[in-house]
Amino acid sequence: MSGAWGAPAPERAAMKELPLIKEVHMDGLAVLKIIKHCTEALPGMVAGSLLGLDQSATLEVTHSFPLPSAKKEADTGGEGGVGLARPADELSNLSGQDYQMEMMKMLREVNVDNNCVGWYQSMYLGSFCTQTLVDNQYTYQENLSDNAVVVLYDPVQTARGQLTLKAYRLSKEFMRAYRERKSDHIKPSEILDELPIRIRNPGLVNALVYDLQGRGGAGSAECDFERLDLSTNPYLEKNLEFLCGWVDDLANEQWKFQAYTRTLLKQRHDAARWADRRKKANDERRAAGDEPLPDDEAHDRRPDAPNRMESLLISTQISAYCSQINRFTGSSFEKLFLAGSLQREAT
Amino acid sequence: MSFSGADGALILNDPATQLSRTGDAPAPTLTGYASTNDIVVKVHPVVLFSVLDHYLRRPEGQVRVIGTLLGKVNANVVEVTNSFAVPHQEKNDEVAVGKDFNKQMLALSGLVNGQERIVGWYATTFDGAQVVDNSSLIHEFFTTECESPVHIVVDTSLASDTIGCRAYISSPLEIAGEALANVFHQVQVQLESSEAERICIDRMVKGQAGGVLTPDGIASVDSEAVSLESSMTRLLAMLEAASAFVDKVVAGEVPGDAQVGRKIADTLAVVPRMRPEAFAKMFDGNLQDLLMVSYLSSLTRTQLAIAEKLAI
């Protein structure tokens, strides 16, 4: 896979070309910490850092820690400084970056992998494709390594019995286009690479999990049967609501594009006429022996091309919703028929 | 005896000479409970995972690790929801605890979740022993941080069949009004996990190949279809077991148990009995809703795919 890379762009020649990872292995501890942080912060959305190591084809995430949310003073819920009152500390004024540095220094003292490999964010019912996410991920991938990933956890969907944890990375075509600010056309489905996540535990922790399973046998049964819940309407309604909102946004973007094409056409028309006139003037000048004027002066009144990014992101998000809905309706059919068969047997 | 540590380490004194306690006024306390039987400690799995992880990463030559427990105290229930590791050193009778580290980490954690406060400390077993002399010294340090801290010991010696987790509360042993030593009483520990944590652990167990835990096994985060299938298989297995039992009782092979019989009858009664037409109507209605939504989403996807091809 490293052979597929072309020549690196000049400013990145200093960085060694890393083989791209294909899988993300997360430690159970990191996953549990992410779950705890995101669940506690509901209904707000939060983010945090991932620590670990990347080696050959897999990225191992061994630890994670939460980052304080930006608007701390406005919070009255779980993240407000109600319990431990240390307002006078200089720490409360730490920016996200400094907090991260502090935390990593602390963790290094206890021998935790002191290597930031990405970040995580909670998402609500599968909505994640925003400009902020792309910007953040781009910064991580640019400054840290090509293998920086963003892990998305959905607490709402997990409550239905299905652990929803996804890892994404910006594809290299998208990175290239973003870096060079070109408006190359990229397919919406190709801006993000999804990487499969696997959960692994060191041996001792596996023993604990075995213990927990044996002891809390009833616990796992509950997970099983929560999945068989038949109430489909609220979930579908929410999803469709989001879908409608995003489709409206997409329609807006398309309208903007149309306006842009119209102005562009008009501009081209004007430019053609101007070029004609210039050519005629040059011919006259050549006939008179003068030096010809440049005939390809750039027009300085070019309309701003609307940002392709928005519509790309919206399309990606819409297709994510659609796949989500498809998966959900698929399993709902199964559950419905299961309930149906129970009824038929009972009667 | 007094011990000196490097800068930033705590100087711990013999418990006999340390009689005063700095109380934390607003925090609810456990000291009001005369009998330690009342106190229950609820531990979340994330804490255990984090303790074991710390143990695995301990520096060379260190036999056990310690750290701080965070959580909240509610009447006689101590809920431990978070923890962090604290570096420390033990040599014979000398103990040095990273006090500054503790404070710094506490402040950082407080920025993220202001509700959590120190409720105690954890340690792993020391050469197979649960509580050693040095533990009481460390415990004294933690009494300055919170009222009546809980001491949790995780058994990592693998001597027994389980990775046990025990909790202790310490109280001074007084003779003629003079506190001479501390006694650690064991208190009840319960494992408490939120729904999401349970689902995650369930995934860790089931996701491994073949559904059997192996030391190096890697669990995959499965798609919904697969987990649904496993749920249904489970339900089917349970129904079959119940049905087989009933058959055996009817055939006279197994003596019937009235309790079990009643429970089975109750369970069956939960299935709502409706008139077939009413049920069919509901069923069809739901089916049509799902079909319509599925159609709409496929339509949207087709639209997007076409838009992609048209390069706009």
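Which residues is Thr329(A) in contact with, leaving aside its neighbours within four places in sequence? In this predicted model, the contacts of Thr329(A) are Leu236(A), Leu290(B), Val293(B) and Ser294(B). Thr329(A) sits in helix α9 of chain A, which covers residues 308–346. Its relative accessible area is 1%, so Thr329(A) is buried. The side chain of Thr329(A) also reaches the backbone oxygen of Asn326(A), at 2.9 Å.

The interface of the two chains was examined next. Contact involves 94 residues of chain B and 107 residues of chain A. About 9200 Å² of area is buried between the two chains. Carbon and sulfur atoms give 68% of that area. Six residue pairs are in polar contact across the interface, both residues having pLDDT 80 or more. Several elements of chain B give two or more residues to the side that touches chain A, among them α1 (45–56), β3 (77–86), α2 (99–112) and α5 (224–251). The largest share comes from α7(B), with 16 residues.

Helix α7 of chain B spans residues 276–309 and also holds Tyr295(B). Tyr295(B) has a relative accessibility of 53%, so it counts as exposed. Together with Met292(B), Leu296(B) and Leu299(B), Tyr295(B) makes a nonpolar surface patch of about 400 Å².

Side chains of opposite charge can pair when their charged atoms come close. The whole structure has 14 salt bridges over all chains. Two salt bridges are counted between chain B and chain A. One salt bridge joins Glu116(B) to Lys36(A), with the closest N and O atoms 3.0 Å apart.

Other salt bridges lie within one chain. In chain A, Arg273(A) pairs with Asp270(A), and the closest N and O atoms are 3.4 Å apart. Both residues belong to helix α8 (residues 233–288) of chain A. They are three residues apart, so about one helical turn separates them. Arg273(A) is partly exposed, with a relative accessible area of 48%. Asp270(A) is also partly exposed, at 30%.

In chain B, Arg57(B) and Asp53(B) meet in a salt bridge at 3.2 Å, N to O. Arg57(B) counts as buried, at 16% relative accessibility. Asp53(B) is buried too, with a relative accessible area of 6%. Arg64(B) forms a salt bridge with Glu90(B), the closest N and O atoms being 2.9 Å apart. Arg64(B) lies in the loop between α1 and β2 of chain B, whereas Glu90(B) lies in strand β4 (residues 88–91). The pair therefore ties together parts that are 26 residues apart in sequence. Arg64(B) is buried, with a relative accessible area of 1%. Shared partners also link salt bridges into one network, made of Lys36(A), Glu40(A) and Glu116(B).

Backbone angles were examined last. Most residues other than glycine have a negative phi. Ala75(B) has a positive phi, near 55°. It is found in the loop between β2 (66–74) and β3 of chain B. Ala75(B) is partly exposed, with a relative accessible area of 47%. Ser148(B) has a positive phi as well, near 50°. Its place is the loop between α3 (133–143) and β7 (150–154) of chain B. Ser148(B) is buried, with a relative accessible area of 10%.

Conventions
Residues are numbered from 1 along each chain as its sequence is written. Chains are lettered from A and ligands numbered from 1 in the order in which they are written. This is a predicted model: local features need pLDDT of at least 70, side-chain atom pairs count only at pLDDT 80 or more; totals for chains, interfaces and linings use all residues. Side-chain values use heavy atoms; hydrogens and water are left out. Patches are made of residues with over 30% relative accessible area and no salt bridge: like charges are joined within 9 Å, nonpolar side chains (Val, Leu, Ile, Met, Phe, Trp, Tyr) within 5 Å. Accessible areas come from the Shrake-Rupley method with a 1.4 Å probe; for residues, only the protein chains shown count as cover. A salt bridge is a side-chain nitrogen of Lys or Arg within 4 Å of a carboxyl oxygen of Asp or Glu. Helices (H or I, at least four residues) and strands (E, at least two) are DSSP runs, numbered from the N terminus. Buried means under 20% relative accessible area, exposed over 50%, partly exposed in between (1.4 Å probe, protein chains only). Contact means heavy atoms within 4.5 Å. Buried area is the accessible area (1.4 Å probe) that two parts lose on being put together, summed over both. A polar contact is a pair of N or O atoms within 3.5 Å; within protein, one must be able to donate a hydrogen and the other to accept it, and residues adjacent in sequence count only if both atoms are side-chain atoms.
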